[in-house]
Every structure is written in structure tokens, then in C-alpha cells.
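Please consider the model shown below. The paragraphs that follow lead from a single residue to the sheets, a helix and the nonpolar cores.

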Amino acid sequence: MKRHDIYTLPILIWLSLFFTIPLSITVIMSFMSSTPYGGVTLPFTVGNYVEIMKGRILAILWRTIRISALSTLITLGLSLPVSFFMATSKWKNLLLMATIIPFWTNFIIRIFAWIFLLGNNGMLNNILIQLGIVKNPITFLYNSWAVVVVIVYTYLPYMILPIYSAMEKFDFSMIDAAMDLGATKIRAIFKVMFPSIKGGITAGILFVFIPALGSYAIPELVGGRDSVMLGNLIAWEITTARNWPYATALSNILFVSTALALFLYLKIQGSDGK
Amino acid sequence: MDKDGAVYSVELENVTKIFDESTVAMKNVSLKVKKGEFFSILGPSGCGKTTTLRIIGGFETPNEGTVRIDGRRVNNLPPNRRPVNMVFQNYALFPHLSVFENIAFPLRLKKMTESEIREKVEYMVELVKLKGQERKFPRQLSGGQKQRVALARALVNEPRVLLLDEPLSSLDAKLRQYMLMELDRIHDEVGITFIYVTHDQAEAMSVSDEIAVMNNGVIEQVGTPPEIYESPANTFVAGFIGETNFFVGKVVDVSSEYLKVETRFGILTCYKDKEAKIGDTVEFMIRPEKVYVTKNYPPQNMNFLRGKVDQLIYLGSHTKYYIMVENTLIRSIKQHTRYWMDESTISWDDEVYVWWNPDDSYLIKVTGG
């Protein structure tokens with residue numbers, strides 16, 4: 001062993017223990033079959049993957065991607081103006097604080113807060129009925145839209161923070177310069193600011209899209225039958241169906257599609273301009 | 001005069017700009033800049049000079065007053081619709097675009113054809129001497145080169161007025177001097193009005209046709225460099241431009257050309273640049289290069305004081321003397337027109353005469369007494 005290898009040893013151990021080994025286990029397990037009591041057995045088979053490719057799981061996979069992509073898009077749409085406002089505000093640090101404060105409350109509690117807000121007996125419905133706008137409560141919850149709303153709410157800071165940090169470093173006199181040279185403010189922002197904060201936008205998209213793909217708690221609590229996502233299916237296979245090989249095969253599908261999305265995105269990012 | 005009849009390229013009429021209750025950046029500023037002039041706005045930091053430039057550029061809107069460019073009122077025109085372009089203090093080059101694309105930026109916005117763009121950019125690259133650098137990115141350029149790109153980009157649109165916001169402040173002294181001469185050359189070549197904002201009086205003096213001296217949001221004086229230097233409007237201008245010696249005293253005698261003034265150094269004679277009568281309090285100044293320091297008794301009719309050499313700074317082409325007279329330092333500069341070793345015999349702590357011709361002083365202020 002060369003001397004400098006010693007320094008990388010802890011990281012090597014860390015990665016093997018907590019990343020490589022678990023990943024290998026899921027890969028190996030996904031090629032095995034389950035026993036009636038929830039165990040795992042040989043021989044190796046591709047049966048789990050064949051089962052996935054057969055049908056209704058693809059619909060769930062597609063829905064997972066759709067909900068995640070839509071949530072990411074909305075998050076991005078909200079984060080750009082918010083970050084712009086924060087980066088140009090006098091009270092930068094205060095606003096930054098306000099963005100981070102929700103993290104101090106437990107994630108599950110925050111989802112329940114949404115149930116309290118949007119539920120049939122929730123605050124919003126009560127207000128609407130009190131004001132006489134509707135007679136019977138509207139069912140806001142238990143559909144894909146509720147899932148999207150809560151995903152957007154949950155992951156918004158992960159989008160705002162990288163975009164804000166890129167904008168904060170941006171030299172705003174470049175906008176003045178672009179306007180001076182004949183651009184309208186909107187064009188100046190698109191032609192000069194966006195290329196400069198591209199890195200922040202990329203990071204934000206990845207920080208939101210990837211965890212959204214793996215959503216479990218949000219669709220479980222505010223979603224309905226039409227909004228089951230891959231995460232829920234995996235959980236169901238593990239806990240209720242006790243079919244570990246099938247569950248690991250599903251999680252591998254999720255892993256591969258995430259990696260693929262990441263790869264494609266970076267490829268697109270890298271190819272334009274520079 | 002132009003076809004359109006306007007003599008002035010830029011006119012400000014009683015412009016006031018207030019940022020919030022506590023900061024008044026410009027108070028009732030009026031300025032007229034002639035066509036084709038190299039006009040400088042000079043002042044210490046925070047005097048409102050950059051605000052003035054930004055008002056002309058359209059980045060700020062005045063609270064009161066009128067801004068005219070080529071005789072046309074432009075108060076409500078955004079920057080992209082004014083016939084002026086600006087060189088920013090930090091250059092504000094677009095980091096993701098090459099030198100060529102930075103310069104082509106305004107042309108692409110105008111949707112010019114590729115061949116027109118090429119032609120114009122090439123002309124500009126030639127003008128600012130950046131040939132061979134077109135494909136580089138801003139981060140690969142030196143400070144002086146960035147400066148040239150910023151200039152080319154601002155000029156390629158063929159503006160009527162070029163605004164320059166302390167463009168040389170981040171360059172080192174030697175390069176600054178060189179770029180200043182380059183600016184002067186480019187100004188001569190393109191022939192448009194340049195408005196140049198700086199806090200460096202030497203920069204402003206060396207290239208400007210006219211200078212406006214600003215302080216605390218007001219224009220203290222507008223004039224040619226010699227006017228500003230030799231006959232400053234007030235103590236601020238006199239003190240801000242170059243070094244000087246001030247004297248305050250009461251008038252004791254008035255003749256047709258001179259005043260006799262009782263100062264704390266005794267009675268001194270000064271040229272009567274302004275009307276004054278006996279008993280008035282006056283303030284006058286004498287520039288150091290007009291003050292002589294000798295061991296010999298001065299010639300007839302000169303103002304003279306006696307003092308001790310406190311400091312002597314030899315600078316090659318000239319020497320600065322600081323003479324202590326009655327607990328006040330009198331400044332003198334001696335230009336060395338002969339071989340120094342033969343010329344100078346004055347040293348530290350020498351008792352000397354400090355003297356000047358009363359004709360060379362300038363009467364700044366008269367207060368009735």
C-alpha cells in the first residue's frame with residue numbers, strides 16, 4: 001500500500017460500509033425470490049424485473065416522475081423571483097433565516113399541518129363555508145395535487161438556497177450594463193443573469209427532483225389512491241407483502257432512473273455553450 | 001452647432017436626487033456639457049458624482065429637475081432607450097461571453113446581420129487595440145485589457161455620449177497613466193462627448209476640456225483645468241485640487257491693484273482679484289510652485305516670511321519644501337531646471353526666507369467686515 005493511500009482509507013471504509021455493501025445487497029437480493037414467510041431464497045432469477053416490466057408498475061413509475069418533475073418546475077418558478085428578491089434586499093440575512101426556520105420543525109409535523117389546513121374540516125374549508133363561498137367542504141387532500149403542493153412546500157428551501165447563493169455572488173451592475181447596451185430588464189436578466197447563476201439552478205433542480213422521486217411520507221399522508229408513488233409501493237412490498245426481493249428490484253429501478261435523470265441533465269448542462 | 005440646433009450634448013437643470021430622508025445625493029445640480037467635449041466630474045467619494053452619471057445614463061430618476069440629451073428631455077427614458085453608453089467602474093463584462101461576443105452584445109440585441117456585426121466589432125477591436133484577443137474570455141484578460149473591452153462594448157453602439165465611471169480606479173499607477181492617454185486618443189478618434197467621473201484630480205486635469213468639481217451633492221465650480229487650478233471658486237476647490245497655502249486676514253489698505261492684509265504672519269500683499277474695502281476679512285492662497293525658498297534676502301516688493309526647513313522631499317524632477325513659519329507649514333515646490341547638485345544648498349533646519357510675488361496669489365473670498 002502506498003503511503004498516501006492511508007489518508008483515503010477512512011473514506012474508503014466509510015463508502016464500502018454505508019454505500020457499496022448495502023447497494024450490493026439490494027442488487028443481489030433483487031435477483032432472488034421470496035419465501036412465504038418473508039425470507040429470501042435462491043436461485044437467482046430475473047423474475048422480479050420481468051414482473052415490473054409487465055405492467056401496472058410502469059404507470060406508477062411514470063406518475064412518480066411526472067409528480068416529481070411538476071413539483072420541481074413549480075419550485076423553480078417560485079424560487080427564482082424569491083431568491084432575486086432576497087439577494088437584492090437589505091434584509092438578506094433575516095430572509096435567509098426565515099427560509100431555514102421551517103427546518104426546525106419535524107417534517108412529519110409539517111405535513112400534518114397541511115392536513116389541518118386543507119382537510120375537509122380544515123381551516124381553509126371552514127373559512128370558505130363561513131364566508132358562504134361554498135356549502136359543502138371541498139376535498140383538497142388525497143389526490144396528486146395535494147402531493148405536489150406539499151412536495152413544493154417541503155423542498156422549496158432546497159431550491160431557494162443554491163439559487164440565492166448564486167445570485168448573491170452575481171454582480172448586479174451587469175444588469176445595468178446590459179440595459180445600458182440596449183436590453184430591456186427582462187432580457188438583461190435572461191441573457192446575462194441566467195448564464196451566471198446556471199450552476200445554482202442546476203443544483204436546486206437536483207436537490208428537489210431527486211428526493212421528490214423517492215417521496216414516501218408525503219403521498220402516504222396527503223395522497224390518495226391515484227397518487228401512489230414508487231416509494232409507497234416499495235414500502236408496501238416490504239412491510240405488508242413482505243416481498244423483499246421485489247421491493248429491492250423496485251428500489252433499483254428508482255436508483256437507475258434517478259442516476260439516468262442526473263446523467264442526462266448534466267449532459268445537457270455541459271453541452272450548451274461554455 | 002448640430003443640425004438639430006442643440007449646442008449642448010448633456011444638460012442638467014436644477015436636478016435633485018434624494019435616496020432617503022438622510023441622503024441627498026444631488027442638490028439642485030445644473031450642468032451643461034458641450035458637444036464633443038471631454039468633461040470630467042471631480043470630487044471626493046460620496047460627493048454625488050456617480051449619482052450624477054447614473055442620472056444621465058438613466059439608472060436613477062431625479063426627484064426634481066430636467067435631464068436633456070441633445071436638447072431632448074429624457075427624464076423618463078430607460079437606459080436602453082438613451083443615446084448614451086457607460087463604462088462601469090468594475091467593467092461589468094459578461095463572464096460567459098468571449099471578448100468578441102461581449103462587444104457584439106448590443107449589436108445582437110439590435111438583430112444586425114452577422115457580417116455587419118463582424119465589421120463593427122472588428123473596427124472596435126482595432127480602435128481599442130485588442131487584435132488577437134477576440135476569442136478570450138474576460139477571466140483570461142488583464143485589467144487593462146478588460147478596460148479596453150468595456151470601452152469597445154460601450155462605443156460599438158455609436159452613442160452620442162460616453163459615460164465613464166472611475167474606469168481607471170482598479171489599475172496600477174503606470175497603467176492608469178497609459179490608459180488615460182489611450183482614452184484621450186480614442187476620444188479624439190470617435191469625436192463624441194465623454195463624461196468622466198473621477199476622484200483623482202491629476203486624471204481630470206490631464207485630459208479634460210472642462211471639469212466640474214462636486215462636493216456634498218453640489219457643483220462647486222465648472223471650468224477649464226487652468227481656471228480651476230489658478231482661480232478656484234472657493235476654499236474647497238482650492239484645497240481639493242493640488243496643494244496650496246491659505247492665508248486669512250483683515251484688509252488694512254487698498255490700492256488700485258493690491259490689498260494689504262493683516263495676517264497672523266504680519267502684513268502681506270495680495271493681488272486684488274475681487275473688490276474689497278478696508279476692514280473686510282479676506283482669504284487668499286498661493287500655490288507651492290510659486291513660492292520660493294532661499295537663504296538670501298528676497299527681491300523688492302515680494303511677500304516674505306522667515307522660517308525653518310521642516311521637511312524636504314526630493315522627487316527628482318522637483319523638490320517639495322515644508323517650511324515651519326509661526327507653527328504653520330508653508331509649502332513650496334522647486335522645479336529642478338539645472339543639475340541639482342549645483343543648484344541646491346538648502347537643507348533640514350536651515351533658516352530660510354519664504355517668498356512670492358503678490359501677483360501670483362489668488363483672492364478666494366471676501367467677507368464684509
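A:Asn125 is buried, because its relative accessible area is 0%, where buried means under 20% relative accessible area, exposed over 50% and partly exposed in between, computed with a 1.4 Å probe on protein chains only. This residue lies in helix α6 of chain A, residues 123-130; helices (H or I, at least four residues) and strands (E, at least two) are DSSP runs, numbered from the N terminus. Leaving aside neighbours within four places in sequence, A:Asn125 is in contact with A:Leu118, A:Gly119, A:Asn120, A:Pro137, A:Ile138 and A:Phe140, contact meaning heavy atoms within 4.5 Å.

The model is predicted: local features need pLDDT of at least 70 and side-chain atom pairs count only at pLDDT 80 or more, whereas totals for chains, interfaces and linings use all residues. Residues are numbered from 1 along each chain as its sequence is written, chains are lettered from A and ligands numbered from 1 in the order in which they are written, and side-chain values use heavy atoms, with hydrogens and water left out.

Chain B may be taken next as a whole. Its C-alpha trace spans about 75 × 50 × 40 Å along the principal axes, and it has 9 helices and 20 strands. Of its 369 residues, 50% count as buried. Among the contacts in chain B with a separation of 6 or more, 66% come from residues 24 or more positions apart.

One open sheet of chain B has 4 strands in the order β2-β1-β4-β5, with antiparallel pairing; two strands pair if DSSP finds at least two bridges between them. Strands β2 (23-34) and β5 (72-73) of chain B stand at the edges with a single partner strand each, so one side of each has no neighbour in the sheet. Helix α1 (residues 49-57) of chain B packs on this sheet and touches β1, β2 and β4 of chain B; the direction of the helix makes about 115 degrees with that of β1(B). For such angles, axes are lines fitted to C-alpha atoms, for helices over the stretch in contact, and angles run from 0 to 180 degrees between N-to-C directions.

Within the sheet, β1 (residues 8-20) and β4 (residues 64-69) of chain B pair in the antiparallel sense over 5 bridges. B:Thr16 belongs to β1 of chain B, and its bridge partner in β4(B) is B:Glu64. These two residues are 48 residues apart in sequence, yet their C-alpha atoms are 5.1 Å apart in space. B:Thr16 counts as buried because its relative accessible area is 10%. Apart from neighbours within four places in sequence, its contacts are B:Met26, B:Lys27, B:Asn28, B:Pro62, B:Asn63 and B:Glu64.

Another open sheet of chain B consists of 6 strands in the order β6-β7-β8-β3-β9-β10, and its pairing is mixed. At its edges are β6 (84-87) and β10 (218-223) of chain B, each pairing on one side only. From one strand to the next, the twist averages 20 degrees. Strands β7(B) and β8(B) run parallel and are joined by 5 bridges; B:Leu163 has B:Ile195 in β8(B) as its bridge partner.

Helix α5 of chain B (residues 173-190) has 18 residues and should span 26 Å at 1.5 Å a residue, which agrees with the 26 Å between its end C-alpha atoms; the expected span is 1.5 Å times one less than the number of residues. Its buried residues are B:Met179, B:Leu180, B:Glu182, B:Leu183, B:Ile186 and B:His187. An α-helix has 3.6 residues a turn, so residues three or four places apart point the same way. The buried residues of α5(B) pack against β3 (38-42), α3 (114-127), α4 (143-155), β7 (161-165), β8 (193-198) and α6 (201-207) of chain B. After α5(B) comes B:Gly191, whose phi is positive, near 70 degrees.

Which residues touch the most other members of the largest nonpolar core? Of its 76 residues, they are A:Ile218, A:Val222, B:Leu12, B:Phe94, B:Phe105, B:Leu163 and B:Ile195. A nonpolar core is a set of buried Ala, Val, Leu, Ile, Met, Phe, Trp, Tyr and Cys residues joined through side-chain atoms within 4.5 Å. Helix α7 (residues 144-169) of chain A gives the most to this core, with 13 residues. A second, separate core of 36 residues includes B:Ile103, B:Ala104, B:Ile117 and B:Leu141.
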